[in-house]
Structure formats: structure tokens, C-alpha cells
Amino acid sequence: MTITEPAEGEPAGTRRAVWWWLLLGGAALVALAAIVVPWDWPGPDTSGAMDPDAGLTADTLAAIHDYQSTAVPLGLSAHAVSIALALLLGLTPLGARLVRRLPGRRRWPVHLLMTVLALVVLGRLVTLPMTVPLEAARRAAGLSTRSWPAWALDVTRGVLVDSVSTGIALLVLLGLARWGRRGWWLLASVAAGLLVVAGSYLYPVFVEPVFNSFEPLPDGRLRTSLVQLAAEDGITVDEVLQVDASRRTTALNAYVSGLGSTRRVVLYDTLLREASAAEIRVVLAHELGHADAHDVETGTALGALGAMAGVTALILLAGAGPVRRRAGVAGLHTIEAVPLVLAVVAVGMLVALPAQNAVSRAIEARADVHALELTGATRSFEVMQRRFAATNLTDPDPPRWLYLWFANHPSAAERIALARSWSAER
Ligand SMILES: [Zn+2]
């Protein structure tokens, strides 16, 4: 990749402008992250008394480590294999050759969508030797409650959702590259940011219902208590929904999604069934913390800037002569460029993951503090953390590198230490 080598049909001056735009986007992303992310989250170090076992019994810890020792290698190898496939297809002429064999070549949008579908399906197929045993391990551990046909249906749904979302993004990118007027790259970068915003807004409406059904929490003591808690917090939550998570898992969870009119707090039905009312209040209070701090908006803004900078970097990289020659691709305006684009995206996402998760952990810790401040229920908070770890079979204190790369929440041990130091300060 060099500045002096222009992309297909582009003067060197354009390439310099693209570099400047990338620098500007990267700087804006770093500046926004520095300002809006609560980096000073009161980590476990302040208490100095973190219990790596999070107070779990020896039996539970054994079950967790038993499951993790199977699931982690399988999950990591699935990750590695899909990236290896993306690189193989993207950085050798193999991908371009595959694209030329696919149907629909007479109309480029059809050809593009066929290509995306083929690559997503291929990605799923090569990871089956890992994902099938992983599902088997989840079933053996009691985490998965779905039948194999239901699992296959979920995989199919995932393929469709991935293909549609990737397809839309690539239609925009390649469409602009084919149009090819001056400044198309700038429009592509801005469009990537807008797609992230639209995605955040539409996700709860179009994607979540593909996998689950949602319904309002039924009237009763629990609903009244939760609505009251939100009112105490001064937060208007239009919708507290329960989701039928139990159709595929015993795992417990809750989350906030959507922007503006699509914002909702979602509680897993498994959580409502297993946890005590006091614990559920703590979980809701944590989600209210996200709403209060506008964390979905923060995440969306960071994601949009990341996508803008990412697409700019992608255009520079995939447009660079040596890279294109290696992939046997004439330029980003051709469908043959799709495997190359997906390879660059796969590597970019892997590289960005530690930063993304560091942001997520800081935001999650802030929501925990909010939950503690709102409810004052340190004890229920701790019980809940233990219940989460024991039921979801998550390592209360995972190996450092796994934590840094993949953990989007502080560990159970950290969250309990956080609660204790919070309570000791009072
Ligand atoms: Zn959270």
C-alpha cells in the first residue's frame, strides 16, 4: 500500500485526500471515545480484595471450567478458520475465480447478492466441524435447550440476516464505486456511518423478531415494581419486554436496544423464571443505567465513526495496486472485489475487537454503579452475579488475553469486587 500508487482511474491527489479523511475520522473516533467513555471505572483494584472464584462453590467452578475447556478452543478455532477462509479467498485469485462461476452475472446487483450469500454459506460450512461440537457441548452442559432441527433453523436464519445486512452494505459500497465520480469514496464513508445508525434503529424491529418473539411484561407485582423503579430513576421506559429466550437456552440475560422510538428494555424469560424479584430489580436498574447514560447512542456514534474510518481504510487498502494484483481484482467496482473486501473487514474487526470490548466493559461498569446507586442492593447484586456465572457457565475470572480480546463485560469477580468497594465507600 503506497500513497503514490493511485487506485484504478484515480489521480494521486485523490488518494492523498482519502488518507487525510482517514486520519480525520480516526482522530474523531479517538477523541469521542476519550470524552464519552467512562474510562475511570472503579475497577477491582480499588477494593484490593478480588475473589477470583466470585464466591462460587467448588462444584460450580468445576462445571464452569469443564464447559469452558471445551467451548473456548472450539469457539477460537471457529474464529480462526473463518478468518483463514476469508484471507484465502480475499488475498488469492481463488475468491475472484469463485465469483466468476456464480450465477446472476448479467445483472451486477444480483451477482453481488449471490456472491455474498455464497461466501456467508461457505463461511458457515467450514466452521461446522467446530460449531456442531460446540452446540453438542452446550447441550451436554444444559445450556442449550433447542433440538438439532431448531439449531439448523437458527443457523439458516443467521445466514440470511448476515447475507442481507452484508449485501445491503456492499450494494452501497460497490454501487458508489461503480458510479465512480469524484468523491465517491467520501459518500461511501458517510453512507457506512449512516448504515450503522440505521442499523441500531432498525435492529429491534427487523432483526430481533427473526430469532425470537417479544411481549410486554404481564401485569402483576413484578411489573409494578419495575415500572416504579424506572419512575424513581426519572427514566421513561416505554417498553419493558420479555423475550422467549428459553426456546433455545437456559442462559440468563437482559439488554437495552434500539434508538428513540425503537428503544426497549428486554428481559430474558429465563431470568424472570429463575431469579428473585430483588435480583430482577438489580438487573433492570443496570439496564436503566444504560438508558440514563445513553449508552446505545454512544455505542452507535462510536460505531458510525468506526465504520466511516473503516470503510476509508478499506478503500485505500483494497484499492492499492499490490493488494488488487494479489487478489486478481481490477478495482472495487467489480464483483470480484467482494472476497477481498470481506477479508479486509474480517481482519479489521478482529483487530478492533479489544478496543471495542474495552469500551464496552467501561460502559457496563458504569451501568453496574448505577444499579447499585439506584437499588442499594449490594447483596442481591452479588447473588445475581453468581447466578449469572453459574447458569451461563462463564468463567468468573477468565485468562487475561481472553478477557482483553473477547470480554464485553467486566468479569463476575470484578463486578462483585466493584459492588463491595462501592458499598465500603458508603
Ligand atoms: Zn449492560
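## Contacts and the nonpolar core

Two residues are in contact if their C-beta atoms, placed from the backbone, lie within 7 Å. By that criterion valine 338 touches Val99, Leu112, Thr115, Val116, Leu119 and Leu170, with residues up to four places away in sequence left out of the count. The model is a predicted one, in which local features need pLDDT of at least 70 and side-chain atom pairs count only at pLDDT 80 or more, whereas totals for chains, interfaces and linings use all residues. Residues are numbered from 1 along each chain as its sequence is written.

Val338 is also among the residues with the most contacts inside the largest nonpolar core, together with Leu271, Ile315 and Val341, and this core has 95 residues. A nonpolar core is a set of buried Ala, Val, Leu, Ile, Met, Phe, Trp, Tyr and Cys residues joined through C-beta atoms within 7 Å; a residue is buried if 20 or more other C-beta atoms lie within 10 Å of its own, exposed if 12 or fewer, and partly exposed in between. Helix α12 (residues 338-375) supplies the largest share of this core, 13 residues. In soluble globular proteins, nonpolar side chains tend to be buried together.

## Overall dimensions

The chain holds 15 helices and 4 strands, which are DSSP runs numbered from the N terminus (H or I over at least four residues for helices, E over at least two for strands). Its C-alpha atoms fill a box of roughly 65 × 45 × 40 Å along the principal axes. The radius of gyration of 23 Å agrees with the value near 22 Å that a compact globule of 426 residues would have, where the radius is taken over C-alpha atoms and the globule rule is 2.2 Å times the number of residues to the power 0.38.

Of the 426 residues, 35% count as buried. Among contacts in the chain with a separation of 6 or more, 79% are accounted for by residues 24 or more positions apart.

## Helices α9 and α13

The axes of helix α9 (residues 277-292) and helix α13 (residues 378-392) come within 9 Å and cross at roughly 90°, the axes being lines fitted to C-alpha atoms over the stretch in contact and the angles running from 0 to 180 degrees between N-to-C directions. Ala278, Glu279, Val282 and Val283 of α9 make the contact with Ser380, Phe381, Val383, Met384 and Arg387 of α13.

These residues divide into 6 nonpolar, 1 polar and 2 charged, where Ala, Val, Leu, Ile, Met, Phe, Trp, Tyr, Cys and Pro count as nonpolar, Asp, Glu, Lys and Arg as charged, and the others, Gly among them, as polar.

## Individual residues

Most residues other than glycine have a negative phi. Alanine 54, in the loop between α1 (12-36) and α2 (58-91), has a positive phi near 55° and is buried, with 25 other C-beta atoms within 10 Å. Leucine 393, in the loop between α13 and α14 (400-406), likewise has a positive phi near 55° and is buried, with 22 other C-beta atoms within 10 Å.

Valine 196 belongs to helix α6 (residues 184-211), counts as buried with 22 C-beta neighbours inside 10 Å, and touches Thr300, Gly303, Ala304 and Ala307, not counting residues up to four places away in sequence. Tryptophan 148, in helix α5 (residues 148-179), counts as exposed with 11 C-beta neighbours inside 10 Å.
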